[in-house]
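Hi,

Here is the structure we talked about. Please open it first, then read my notes below.

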Protein chains: 2
Amino acid sequence: MALKTSSYLILGLVRGGMNSGYAIKRFIEEQRMSVFWATTFAQIYPELSDLEKAGYLTHREDPHGARPRHAYTLTAKGERALMSWLRRSRIPPMELRDEGLLRLAFADNLSRKEAISLIRRLRARSEEAEREFRESIIPTGEALQALGLRYPLVIGRMGAEYHAWAVKHFTQLEAEVLDDEPR
Amino acid sequence: MALKTSSYLILGLVRGGMNSGYAIKRFIEEQRMSVFWATTFAQIYPELSDLEKAGYLTHREDPHGARPRHAYTLTAKGERALMSWLRRSRIPPMELRDEGLLRLAFADNLSRKEAISLIRRLRARSEEAEREFRESIIPTGEALQALGLRYPLVIGRMGAEYHAWAVKHFTQLEAEVLDDEPR
DNA sequence: GGAAGCATGTAAAGTGTTACATGATTTT
DNA sequence: AAAATCATGTAACACTTTACATGCTTCC
């Protein structure tokens, strides 16, 4: 079985104490890991059982009353796989899909007024994202830091600072477009 | 037929004068539009013929010697569809998939030395991306600006500046990690 | 004459999302 | 008593990538 990136996502989260499918999904959403690696239940549950079949995970039953729950842990093989992935020297290029930037790339088809309105909406999108990072991801990151985990906070700060940068960038772009062909 | 984002990508490029499948692909690669919306021949060719069947495009034969070539143009319906997409008020959230950031999120599992090596490789990746933007995408953007197209250059500059920001960010992060738990 | 680039496509496999399906527990 | 949250999964559909398949033209 060849492991995909989403397999390592799951191994990493199980290693970090998220031992059920539900807990994995919740952590990804709460910590906005979905920003750089989104996933769904329909991927997580089959992947957990595939990883177990292939010997990277084991689980025990961990019911909560009559509600069933599976508590997964890494096997030695799972630990080795996770660590060797983390240590790989090659980092694949990041993949971005952004309809907003795609529309900006075609903004020559728009009137100046319309282009400015698009730029403003792009800025508003980043403003909102920055707020979310500051108000919910960073605080969770700080809580995790108290438990000895530093990198969730590092990622949260990076997200907030990136969007702050984007807001500045779009503000400046708006000024340039307003300025450049005055009429 | 419901149009997807990649349909609009193709409509936008045909509108911009890239009238064959091959020309579309080449422009996406050269102008590194693939950075925010990647695609392949296996998507472009079927999409062109679907868009034609649905009345958004027409083509005429435009052979180059004995080598066949299709020259597509937008129909009135295609123009309307493209413009109404560009003017839509809602901008979907950007989607990022970055194995590098995912590994950084799990860097608590690494030794300090290993974490620093990961951060350095992330910085190197952005350095290289910045260089590519400055050396090839921005110059092409400048050429297009001379033809009255401003936004390809806007996008090129944004890419270069983003990666410059990321380089600074990773440099600072490396210093923090080195500093923080001195041994 | 060979390599690089131009040009169009299909088939199969892989990956990911949405909708569906079910039921228990906790909070309001 | 209802709503929100916890918990696990499947089926169908949509989308994307990789590999294959072919042949012409231009540059060195």
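Which residue of chain A forms a salt bridge with E114(B)? The partner is R87(A), and the closest N and O atoms are 2.5 Å apart. Please keep in mind that this is a predicted model.

**Chain B against chain A**

That pair belongs to a count of two salt bridges between chain B and chain A. Several elements build the side of chain B that touches chain A. At least two residues each come from α1 (5-15), α4 (76-87), β3 (95-97), α5 (99-105), α6 (112-146) and α7 (151-180) of chain B. The top contributor is α7(B), with 14 residues. Sorted by class, this side of chain B holds 38 nonpolar, seven polar and 18 charged residues.

Now the extent of the contact. Chain B puts in 63 residues, and chain A also puts in 63 residues. The size of an interface is often given as the accessible area lost when the parts come together. Here the area buried between chain B and chain A is about 6,800 Å². Carbon and sulfur atoms give 64% of that area.

The two chains also pair through strands. Strand β3 of chain A (residues 95-97) runs antiparallel to β3(B), with three bridges. Within this pairing, L96(A) sits opposite L96(B).

**DNA strand C**

What does the protein meet on the DNA side?

- Q43(A): an N or O atom of the side chain is 3.0 Å from a phosphate oxygen of DNA strand C.
- A66(A): a backbone N or O atom is 2.6 Å from a phosphate oxygen of DNA strand C.
- H70(B): a polar backbone atom is 3.0 Å from a phosphate oxygen of DNA strand C.

As for elements, α3 (41-53) of chain A gives two or more residues to the surface near DNA strand C, as do α2 (21-30) and α3 (41-53) of chain B. By class, the residues of this surface are seven nonpolar, eight polar and six charged.

Best wishes

Notes. Residues are numbered from 1 along each chain as its sequence is written. Chains are lettered from A and ligands numbered from 1 in the order in which they are written. This is a predicted model: local features need pLDDT of at least 70, side-chain atom pairs count only at pLDDT 80 or more; totals for chains, interfaces and linings use all residues. Side-chain values use heavy atoms; hydrogens and water are left out. Contact means heavy atoms within 4.5 Å. Buried area is the accessible area (1.4 Å probe) that two parts lose on being put together, summed over both. A salt bridge is a side-chain nitrogen of Lys or Arg within 4 Å of a carboxyl oxygen of Asp or Glu. Helices (H or I, at least four residues) and strands (E, at least two) are DSSP runs, numbered from the N terminus. Ala, Val, Leu, Ile, Met, Phe, Trp, Tyr, Cys and Pro count as nonpolar, Asp, Glu, Lys and Arg as charged, and the others, Gly among them, as polar. Two strands pair if DSSP finds at least two bridges between them. A polar contact is a pair of N or O atoms within 3.5 Å; within protein, one must be able to donate a hydrogen and the other to accept it, and residues adjacent in sequence count only if both atoms are side-chain atoms.
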